[in-house]
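Please open the structure in the viewer and keep the selection tool at hand.

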Amino acid sequence: MTTNRRSFLRNAGAGAAALSLSSVLPSVAAAAEPQAGQAINAGGRTATNYLPLPANHKREGWPIASELKSKRIKYDTPQNQISWAYMKEMRENNKTRKIYPVNPYVEVYTLRENAYELFSENCDGLGDFFMHLIVGPEKAMLIDCGYGLGDVKGLCDQLSGGKPLIVVNTHEHPDHAFGNCRFDKVYCHEYLAPYLAQQNAHMFDYLFDDYGDNIWLQFDKKDLPTFKKYEIAPVKDGAIFNLGPGYDIELVFTGGHSAGHAGFLDKRNRIFYSGDNICSDVSSCGSINVPGRGPHGEQTELKVYRDNMKRLVDRMDEYDYVCPNHFMTNLENSLMTNILEACDAVLANPEGYDYKVEKWNKGGAGSTIRYYKFIRGFSVIAYGYNKA
Ligand SMILES: [Zn+2]
């Protein structure tokens, strides 16, 4: 089945039905938009909490009530409707949600007694994200730094009671690693190091237009970090980080979504923090046969992603839950076999995709096609594929 961008949204709805979660899915077409000033039942808040929406506002799904200092201007891509419904439910009704004055850009959710999900809105037009903080007996670990909007370190220190902090990255994308410069040292898989080394003082420029105005997300420019060089500490697959007696976290190489991608296995809480390799919006790997950019570009190929997924399936007795960096989280490990199944189906027949999306590149650079295959009971896997 082939489709354009419009029917992508329809397919997202079909995915929702397949998940048997349609009862919590707001019908976007049928839902009456709350009028300005009209009270709505959202955790005791009113519609006046919502960002005033310009007529051409590119929103996808219902607005989400939020007390964050940031305000969404627009998204660049359609957001998966079932993931959107999940996030709306979580952000408006999860009773553990807290915003600390030290960082008004982060909603803190308690995941476990000693583990937090730090939600922040994406500074560019892609999906909003979580950073993860694990507080061990002696040290704490921060998995990914977002854009570093607001005092990320101060927030971690407050939550951990000032324990020494180990900072690690899953991969180099801006919403995971641009905040690294708020810290002195960041650990990563060895393949990731050369990508992180490319960061520089101009990396935030793309968030602003020629007038210096924010393009996708309203926030105070002064709350972005000032770029500084920091120590990039590359480690090998299987490296262990010790947070104190009986508390080990293992870096697991999971190249696929990006070349140096890693997940982190919390052996005590039996959680696998999976980065962007697994996502209820789109589980996205690079390509069947077009290497990604940079010195380890071949690590983004679908067969690499597949083999890394197989290793995670083989280790399912070591974790019960999977926590991605975007959208649905605290997922049961059983979805791993379904992702592997989808990878195998695509590799056996790259033409057997469920739909494709063609995106027009800016500056007359033609178009790019991404192919999508449904993952049973979850979301979709996206891949590039050069037929020639
Ligand atoms: Zn990413």
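The stops below pass from a sheet to the helices beside it.

The model is predicted: local features need pLDDT of at least 70, side-chain atom pairs count only at pLDDT 80 or more, and totals for chains, interfaces and linings use all residues. Residues are numbered from 1 along each chain as its sequence is written.

Select the open sheet of four strands, whose order is 16-21-20-19 with mixed pairing. Strands (E, at least two residues) and helices (H or I, at least four) are DSSP runs numbered from the N terminus, and two strands pair if DSSP finds at least two bridges between them. Strand 16 (283-287) and strand 19 (355-360) each have a single partner strand, so one side of each is left without a neighbour in the sheet.

Next, select strand 16 and strand 21 (residues 380-384), which run parallel and are joined by three bridges. Here Ser284 stands opposite Ala382 in strand 21.

Angles run from 0 to 180 degrees between N-to-C directions, and axes are lines fitted to C-alpha atoms, for helices over the stretch in contact. Residues are in contact if their C-beta atoms, placed from the backbone, lie within 7 Å.

Finally, select helix 6 (residues 302-314): helix 6 and helix 7 pack at an angle of about 150°, their axes 9 Å apart. Helix 6 is therefore roughly antiparallel to helix 7 (a term for angles over 145 degrees). Among the residues that meet are Leu302 and Tyr305 in helix 6, and Met336 and Leu340 in helix 7.

Key
Angles under 35 degrees count as roughly parallel, over 145 as roughly antiparallel, 65 to 115 as roughly perpendicular and the rest as oblique. Two residues are in contact if their C-beta atoms, placed from the backbone, lie within 7 Å.
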